[in-house]
Amino acid sequence: MKTPKPGDNAKNEQLSGHTTEGEDKFLNTNQGTRVNDDQNTLKAGDRGPSLLEDFIMREKITHFDHERIPERVVHARGSAAHGVFKVYDNRLSAYTRAAFLTDPAAETPVFVRFSTVAGSRGSTDLARDVRGFAVKFYTQEGNFDLVGNNMPVFFIQDAIKFPDLVHAVKPEPHNEMPQAASAHDTFWDFISLMPESAHMIMWLMSDRAIPRSYRMMEGFGVHTFRLVNEEGKSTFVKFHWKPLLGVHSVAWDEAQKISGKDPDFHRRDLWEAIENGFYPEYELGVQLVAEEDEHKFPFDLLDPTKIIPEEMVPVQRVGKLTLNRNPDNFFAETEQVAFHVGHVVPGIDLTNDPLLQGRLFSYTDTQLIRLGGPNFHEIPINRPLPEVTNNQRDGFMRQQINRGRTSYHPNSLGGGCPFQAKWAEGGFRSHNEKIDAHKVRARSKSFFDHFSQATLFYNSQSPAEKVHLANALAFELGKVETVAVRERMVGILTQIDVGLATTVADALGLGVPEAPEQPVNHSIPADGDPQDFQPVTVKLDLAASAALSMANTLKNSVKSRKVAILTADGVHTASVEAMQAALEAEGAVGEVVAPRLGFVEGNDGKDIPVKNSYLTAASVLYDAVYLPGGTGALVLNGDAVHFLNEAFRHCKPIAYDTTAVDVIGATYFGTGDHPGCYSGDELRLLAGAFIEGMKQHRFWERETPGPIPA
Ligand code: HDD
């Protein structure tokens, strides 16, 4: 058994009891018998038939035949990491009794899985999609799973619509196309008939759906949850994750190209960052609302299509999550981890959000089929830290060996054990909310405002973000073949913003319908009176919310950013090395790209190690580009010129030595003054300006008047 690497903690210690490696060991069967020939089946003569008797061959092939388990029905494509969570201070102790949220001395092990939603296990990371952000806290009081997304709202208000949503977005059933894409008829058909999805669609069409990195996106618990303190008093809470590297995205053209050049882009980025010691960090934020204030908002706290704008309730940052260890084995950990919104600990409780209520059913149910039985909690990655002592028994693949005669409660033969815990002893007790209601299949009128927050989101975007959002809609609806669906969707957009609807309609070659006085709801129950289900229009006293725009994110670091240094034989060695040193000093990496792998010869005869050739590299895999002096030969290298053009098109910082102007002259953008382009012959100054530019991430203003051809 081996000891886990960094970040020793109780969970890693527990896992180490289950990890193994083959170093210095004999090859043996699953029964422990050593194998002396793993190359040949047992045969009747060396040219004869294979013998059924060969238990070694049969065991090996049988196991192989059963290696696959069903992929997750949603969020199939994912990547995960181990880490720790630490709360800053005890300020939440007035609101919750959960020790991991109140004790600054407690370091809670976590396992975090990021994912896309729609694509299969092998699909591209850069699909336009929501990203899952699921955190399992292994607390001393049991597992708490915060199963969130990188967008704070959801498409639907009631879990009964989830299968419809997922059927609509998944590849179409007759031809299984398109993979990992929402740009097709069935998705937009459904969305155009579901006005409650309008807010989420704004997020999905924004650049949030194409993150630069899992390390650079926010996370949200989405639903309103409860914190419950020692006295049993409950406070509503929304959970947030705020990445310390800021929130950044790629360009849509870039996303599509990354999908070809490196479909594992996000997975690789997360893996490499952790291997290189750039541990991803996120602060946990909470928005707290007193129970008595539940109805003071112009929306319902139980409605998962609504945010609480940060201007109304500020986000308090209460602790930090650090991811510091890659999994040892993808299948055993990342694939077998089983999250569940119902994994809560004393001090955290649920609300009546109808989406959350349905999720409480779905997650156990899905693990039963995916992981093959009721003992999935015994898989090492899913085990809680406290010993599991209850009367549940047996089932497929049971690991625990329970001693004793009794497996029921109450009992006297087992001394009444295991016994129930009082609240004061850490026993979970559901919040005693008062309910007095009729049994109805209905939705609250307080859920009927579908557009005001969609408009708030749109109004909060920067000019560049608005353009991206309109382009995304034009792209997605442009892929829809049914014109009536496009038209209906433009109709929905008129409810959000007529300017946006006009731009999109124009791109689709459609006229813009008048915004109807009364918003339309197409999803009305068969025996419902349409009037009873019409969306209501609510006026928000908030024109825009700064937190909704990525333009306002943190821009103070280049840590772990990758810079391509374009070279050819004769490149100025001193410039390459000095730029690499300047980048390294800020935590960024300068990778040498050259016509061939191995080494490129510097102007002083020195061999400079090459990371990538123009064949294996692509500008879309880098954050910025540097062209040192002595690279004049690249004028004739189409790949190098294309590299620069494409980096320019994607609005990335570009620095070049004054003596390399000929190469820049061969690009579409040329040597003129452009935001985010830096030239000079004094490397210290050039590197300084370049690094400042890299902190800005992108210079979207370069997109106007229009993209250059690259
Ligand atoms: Fe879900 C997986 C997040 C609504 C049913 N969901 C899943 C994962 C994430 C979310 C991050 C992947 C967990 C992992 O990495 O293993 N889901 C959400 C959020 C939702 C949401 C933020 C809305 C606020 N989900 C939702 C509904 C239902 C489900 C309404 C069903 C009624 N979700 C599932 C599931 C999955 C799942 C079918 C598939 C694999 C799994 O659970 O373990 O049960």
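Which helix or strand gives the largest share of the shell around the ligand? H10 does, with 6 residues. This is a predicted model, where local features need pLDDT of at least 70 and side-chain atom pairs count only at pLDDT 80 or more, while totals for chains, interfaces and linings use all residues. Residues are numbered from 1 along each chain as its sequence is written.

**View 1. The shell around the ligand.** Here 27 residues surround the ligand (near means a C-beta atom, placed from the backbone, within 6 Å of it). The closest are Arg72, His75, Arg113, Gly132 and Ser362. By class, the shell has 14 nonpolar, 10 polar and 3 charged residues (nonpolar: Ala, Val, Leu, Ile, Met, Phe, Trp, Tyr, Cys and Pro; charged: Asp, Glu, Lys and Arg; polar: the others, Gly among them).

**View 2. Elements that supply the shell.** Strands S2 (107-116), S3 (131-139) and S4 (142-149), along with helix H10 (354-370), each bring at least two residues (helices are DSSP runs of H or I, at least four residues, and strands are runs of E, at least two, numbered from the N terminus).

**View 3. Where H4 meets H5.** Helix H4 (162-169) packs against helix H5 (185-192) at about 145 degrees, with axes 6 Å apart (axes are lines fitted to C-alpha atoms over the stretch in contact, and angles run from 0 to 180 degrees between N-to-C directions). Asp164, Leu165, Ala168 and Val169 of H4 meet Thr186, Phe187, Asp189 and Phe190 of H5 (contact: C-beta atoms, placed from the backbone, within 7 Å). That contact has 5 nonpolar, 1 polar and 2 charged residues.

Key. Two residues are in contact if their C-beta atoms, placed from the backbone, lie within 7 Å.
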